[in-house]
Every structure is written in C-alpha cells, then in structure tokens.
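Please work through the following exercises with the sequence and the structure side by side, and try each task before reading its solution.

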Amino acid sequence: MKQLRLFAAVCAALLAVAAPAAGLEKPKYIFLFIGDGMGAPQVSLAAEFCGKPQLFDGFETVGLTATRSLNSYITDSAAAGTALASGSKTNSGMVGRAPDGTPLPSYVIAAREKGRKVGVVTSVSLDHATPAAFYANVPSRSNYYDIAVQMGRSGIDYLAGGGLLRPAGKKKDRPDAYRLAEENGYTVVRTVDAFDALKRGAGKTIVISPEPNRTASLPYAIDRRDGVPTLAALTARGIELLDNPNGFFLMVEGGMIDWACHANDAATAVAETLAFRDAVAEAVRFADAHPDETLIIVTADHETGGLTLGQRTLPYGSRYGLLKAQKVSFQAFSDELRELKKRDVLTPERMRRLVTERFGLRFDGTGPLVLADEEKNELDQALEASLHPSAESKLRCGGYEPLAVAATRILAAKAGIGWTTYAHTALPVMTFARGVNAELFSNYYDNTHIAELIRAML
C-alpha cells in the first residue's frame with residue numbers, strides 16, 4: 001500500500017506540473033478515439049498491411065502514453081477507461097470509482113453542464129468497461145445491469161454500439177434497461193431503417209446494432225454483411241446529431257481490436273484497426289470543415305496480446321499480405337466448428353478443408369501458405385484438443401477454440417508476426433492529436449494527463 005500511495009502522489013505531482021495554463025484555448029468540438037488494445041504494433045501492422053507509411057494521416061502530434069492502473073503495472077480496460085474519462089487512477093476492474101468507493105466523475109458531466117452535447121460510441125456493448133467509464137460508477141465492471149441502468153439516467157445525448165449484455169439482469173428478472181432509458185426520454189433505435197431516418201434534433205438517442213453478435217457487439221469487420229452499420233457510420237451519424245452552437249464532445253471506442261488480439265487473431269485485429277481508422281476519418285472530415293474549432297485525439301487504453309512484428313521462423317522477413325487469405329474471424333470459425341461438433345461431423349478431412357477455405361493454408365503444393373509437416377501436426381493436435389478438451393489444452397489456448405488458435409497463429413507466423421500472451425501488456429501506447437491544442441499531446445505522459453487536458457478544455 002505504501003508503494004501505491006507513493007505512486008499516486010508522484011502522478012498527482014506530475015499532473016500539477018503539467019496542468020494546462022489558464023489561457024488554454026478551448027475548442028468547440030472535441031473527439032476522443034480509443035482503440036482498445038491498440039498498441040504501437042497494431043498501428044504499425046495495419047499501416048503496413050494497407051501500404052501506408054502511417055495509419056492516421058495529418059496528425060501533427062504524436063506522444064507516448066503510460067497505461068498502468070493503481071494496483072497493477074498491466075492495466076485492464078476498466079481502470080484505463082476510468083483514467084481516460086476522469087483523470088484519476090483506480091484499481092483494475094473498477095469503473096468510475098476509487099478503491100475506497102469514492103465516485104470519480106467523468107468530465108462529460110462538466111461538458112453537459114456547460115451546454116455541450118455529449119456522445120459515446122463503441123463497437124462493443126454499451127455496458128462494457130470503456131464506454132461505461134464515461135457515464136457510470138460501479139465497484140466492478142461485471143455489474144452490467146447496474147451500468148445499463150446508469151446509462152439510461154446519464155443524459156448523454158447520443159449512445160451507439162452493439163447493445164447491452166444484460167438488459168434484464170443476470171437472471172433476466174429485472175426491469176428492462178432499454179425501457180428504463182425510454183422512460184428517461186431516450187429513443188432506442190434498433191433497425192437499419194430507423195437508424196437511416198435519424199436527423200438532427202432527434203433528441204436523446206440510443207442506437208443498437210440490428211444484428212448484434214452473442215456478446216452484444218457489432219459484427220467483426222471481417223465477418224460483416226452489407227447493410228449493418230459500421231463504427232464509422234455510427235460515428236458519422238453521431239457527429240450529425242450532436243452538432244450544435246455550443247459544440248460537443250464525442251468518444252468513440254474501437255473495442256474489438258482488443259478482442260481479436262486476446263485471441264491472437266492478426267487478420268481480424270487488422271480489420272478492426274482499419275474499421276477504427278475509418279471512424280477517425282469521419283472526424284477528420286468534420287475537422288476539415290471546422291479547422292479552427294476542432295481537436296481530435298486518438299489513443300488506446302493498453303496493448304493486447306504482446307503483438308510482435310517479427311517472427312523467429314521468418315528472420316528479418318515480413319509478408320503481411322498473407323493475412324488477406326483469412327476470410328473469417330476466429331469467432332465465426334469457432335462458431336462454425338461448434339456446430340460441426342454438435343453434429344459429430346468434425347473429421348480430420350473436414351478440418352483440413354475448412355482450414356484451407358477459411359485461412360488459405362494448404363496441405364500440399366508450393367507457395368508461402370503451404371503447411372510444413374510440423375504445422376500439419378500442430379493442426380492435428382488442435383483437432384484432438386477441440387474434440388477432447390482438457391484443462392491443459394484450455395490453458396495452452398487461453399480458453400479459445402484450439403483449432404482457431406492454431407490456424408490464426410500459423411498464418412501469423414507465415415506473415416512474420418508473433419504473439420506473447422492472450423492478455424494485456426504494459427507497453428506504452430501511442431497518442432495522436434491534430435487541431436486546436438494538439439501540441440499539448442506530445443512527449444511521454446500518463447493516461448490521466450489526457451483526461452486533465454480534456455477537462456480543462458471543456
């Protein structure tokens with residue numbers, strides 16, 4: 001505890017030194033983009049994958065941001081989100097609340113009190129840790145129902161994402177959180193037609209995906225069908241609805257970069273990072289029309305997976321274009337395998353055909369995607385672990401489907417990519433800024449500094 005108190009005191013001193021001057025310029029429009037799990041390797045890989053020197057063009061300032069929580073050098077999204085939303089550290093797992101239970105209010109409250117409109121957009125569920133940090137305070141990020149109820153009371157003007165994980169509570173016996181939000185003046189938009197019909201002046205609005213997956217998130221970008229709103233579309237509509245003479249604050253989270261990296265699925269992580277980039281592009285378009293009034297910040301809460309752009313099997317080599325051979329996410333592949341196992345038809349022959357069709361990995365022939373003997377053995381062992389799971393195989397695969405882990409890791413290795421963990425790392429993340437006060441986001445600083453600067457500008 002003595003070390004934690006010392007750490008908190010040092011952070012407070014650093015923030016005091018770095019506190020913005022009284023004459024700080026105050027932009028009318030502020031965007032905060034959070035790529036969940038998006039460390040420097042994820043940014044670099046996505047840029048190289050699409051053949052660009054940098055992913056976020058035109059951002060004149062780049063800084064490095066430390067991410068630790070109050071009680072752990074490797075943070076989780078709840079503590080990191082709280083730091084970015086309030087400017088205060090807390091223990092991992094806590095949302096908008098200090099370890100002693102004291103609420104840590106988000107600066108969006110101050111923004112609304114000053115007459116600005118506020119929006120929160122995410123690709124995952126609206127009651128997930130990062131979006132929740134901007135409107136809720138609960139002792140545990142797992143208190144999904146309590147978070148959902150607080151969301152409906154928040155007064156935030158525009159909320160958009162996959163949906164809610166537990167709108168009626170864990171036992172499905174609580175008052176529906178969507179209905180409670182409607183009683184507080186919200187319109188809940190559930191269809192593509194209703195989303196397309198939204199216009200400025202719509203009032204307080206909650207948009208949920210018409211086709212949420214089982215985790216109440218948007219579909220993975222690699223699996224998405226035409227017609228389902230993207231993170232970029234949710235962002236663009238938010239800008240339209242929030243624009244007003246007093247200005248606005250909009251937070252947008254690319255939450256599924258993190259999920260893909262937890263599963264060590266490089267191709268899906270790239271697709272999610274590029275979907276996040278497309279959402280940032282919507283803000284850039286708006287900023288181009290309001291250059292003297294807009295600030296855009298792009299950061300991350302932490303890095304996930306220990307992604308490494310380098311692989312011992314391909315020294316000094318990189319073939320990131322091979323990731324294009326993958327056609328589905330680890331989740332879609334896992335769901336497909338689950339159905340095959342239910343019907344008892346997941347045979348070695350079926351497995352090999354699926355691996356070739358879904359990941360481009362071939363069992364014979366020539367070329368960079370042809371499997372070596374040890375890689376074929378790895379897939380055979382993964383099939384055995386999938387059909388007859390054990391505690392050891394679950395640990396080895398991080399709890400994910402063994403065949404999905406094997407296929408994505410083999411493809412990543414062939415592309416020159418490595419992973420070190422199924423969890424988060426303590427790597428610092430990159431923070432990009434452009435527009436009014438962008439220069440304040442250079443240097444190396446704690447994630448709480450981002451919140452303190454935004455609070456001062458609001």
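**Exercise 1.** Locate Ala216 in this predicted model, and decide whether Ala216 is buried or exposed.

*Solution.* Starting from the chain order, Ala216 is found in the loop that runs between β6 (205-208) and α9 (231-242). The next step is the backbone, where Ala216 has a positive phi of about 55 degrees although it is not a glycine. For comparison, most residues other than glycine have a negative phi. Finally, the relative accessible area of Ala216 is 9%, and because buried means under 20%, Ala216 counts as buried.

**Exercise 2.** Carry out the analysis for Asn443, and state which element holds Asn443.

*Solution.* Asn443 is found in strand β12, which covers residues 443-446, and the phi of Asn443 is near 85 degrees, a positive value in a residue other than glycine. With a relative accessible area of 62%, Asn443 is exposed, because the cut-off for that class is over 50%.

**Exercise 3.** Explain why helix α6 can be described as largely enclosed by the rest of the structure.

*Solution.* Helix α6 spans residues 144-153, and eight of its 10 residues are buried, so the helix is largely enclosed. The buried residues are Tyr144, Tyr145, Ile147, Ala148, Val149, Gln150, Met151 and Gly152. What covers them includes α5 (129-132), β4 (158-161), α7 (177-183) and β6. Just after α6, Gly155 takes a positive phi of about 80 degrees.

**Exercise 4.** Determine which residues His128 is in contact with, leaving aside its neighbours within four places in sequence.

*Solution.* His128 has its place in the loop between β3 (117-122) and α5, and His128 is buried, with a relative accessible area of 13%. Once the neighbours within four places in sequence are left aside, the contacts of His128 are with Arg141 and Trp259.

**Exercise 5.** Describe the nonpolar cores, and state which helix gives the largest share of the largest one.

*Solution.* The largest nonpolar core has 84 residues, and those with the most contacts inside it are Phe31, Phe33, Phe56, Val298 and Ile417. The largest share of this core, 12 residues, comes from helix α11 (residues 266-289). Taking Phe56 as an example, and not counting residues up to four places away in sequence, one finds that Phe56 touches Met38, Val43, Phe276, Arg277, Val280, Val298 and Phe432. A second, separate core has 50 residues, including Ile30, Leu164, Leu453 and Ile454.

**Exercise 6.** Characterise the largest pocket by its space, and say which element gives the most to its lining.

*Solution.* The largest pocket holds about 600 Å³ of space. Of the 26 residues that line this pocket, the closest to its centre are Arg312, Glu378, Arg409, Ile410 and Ala413. The elements that give two or more residues to the lining are α14 (373-387) and α16 (402-415), and α16 gives the most, with eight residues. Sorted by class, the lining has 14 nonpolar, four polar and eight charged residues.

Definitions and conventions. Residues numbered from 1 in each chain as written. Predicted model: local features only at pLDDT ≥ 70, side-chain atom pairs only at ≥ 80, totals over all residues. Heavy atoms only, no water. 1 Å grid on protein atoms, 1.4 Å probe; cavity = no way out; pocket = protein on both sides within 12 Å on 5 of 7 lines; lining within 4 Å. Points joined across faces, edges and corners; volume = space filled by probe spheres on them. Helix = DSSP H or I, 4+ residues; strand = E, 2+ residues; numbered from the N terminus. Nonpolar A, V, L, I, M, F, W, Y, C, P; charged D, E, K, R; others polar. Core = buried A, V, L, I, M, F, W, Y, C linked by side-chain atoms within 4.5 Å. Buried < 20%, exposed > 50% of the residue type's maximum accessible area, 1.4 Å probe, protein only. Contact = heavy atoms within 4.5 Å.
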